[in-house]
Amino acid sequence: MLLHIGEGCLVRDRSIIGCFDMDGSEMSDDTVEFLRMAEKEGIVEMLTTDIPRSMVLTDEKVYVTRISTGAIRNRAVK
């Protein structure tokens, strides 16, 4: 099944490894370092110019989106 994660981007639900909240006050140092390394590797795709709400980790890319983790979860279970 394809899952819409924002800005017209669709990903296969089977390729999703995890969906993580990006509330700045709760992001660990490890998460920040992971994003920094992923950006250096060129695998981060920004799907928003607004404040990001979640990060969707797939087997190929890391998507940063304004769609909340709850909304993504709800879309996945339908």
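1. For what follows, an axis is a line fitted to C-alpha atoms, taken for a helix over the stretch in contact, and angles run from 0 to 180 degrees between N-to-C directions. On that basis, in this predicted model, helix H2 (residues 69-77) lies across S3, strand S5 (54-58) and S6, and runs at about 145 degrees to S3.

2. The sheet itself is open and has four strands, arranged in the order S3-S5-S6-S4 with mixed pairing. Strand S3 (16-21) and strand S4 (44-46) stand at the edges, each having a single partner strand, so one side of each is left without a neighbour in the sheet. Averaged over this sheet and with direction ignored, neighbouring strands are turned by 20 degrees against each other.

3. Strands S4 and S6 run parallel and are joined by three bridges. Within this pairing, Val44 has Val62 of S6 as its bridge partner.

4. Val62 deserves a separate comment, as a residue of strand S6, which spans residues 62-65. Val62 has a relative accessible area of 0%, and because buried means under 20%, Val62 counts as buried.

5. Leaving aside residues up to four places away in sequence, Val62 touches Phe34, Leu35, Ala38, Ile43, Val44, Glu45, Met55, Val56 and Leu57.

Notes
Residues are numbered from 1 along each chain as its sequence is written. This is a predicted model: local features need pLDDT of at least 70, side-chain atom pairs count only at pLDDT 80 or more; totals for chains, interfaces and linings use all residues. Side-chain values use heavy atoms; hydrogens and water are left out. Helices (H or I, at least four residues) and strands (E, at least two) are DSSP runs, numbered from the N terminus. Buried means under 20% relative accessible area, exposed over 50%, partly exposed in between (1.4 Å probe, protein chains only). Contact means heavy atoms within 4.5 Å. Two strands pair if DSSP finds at least two bridges between them.
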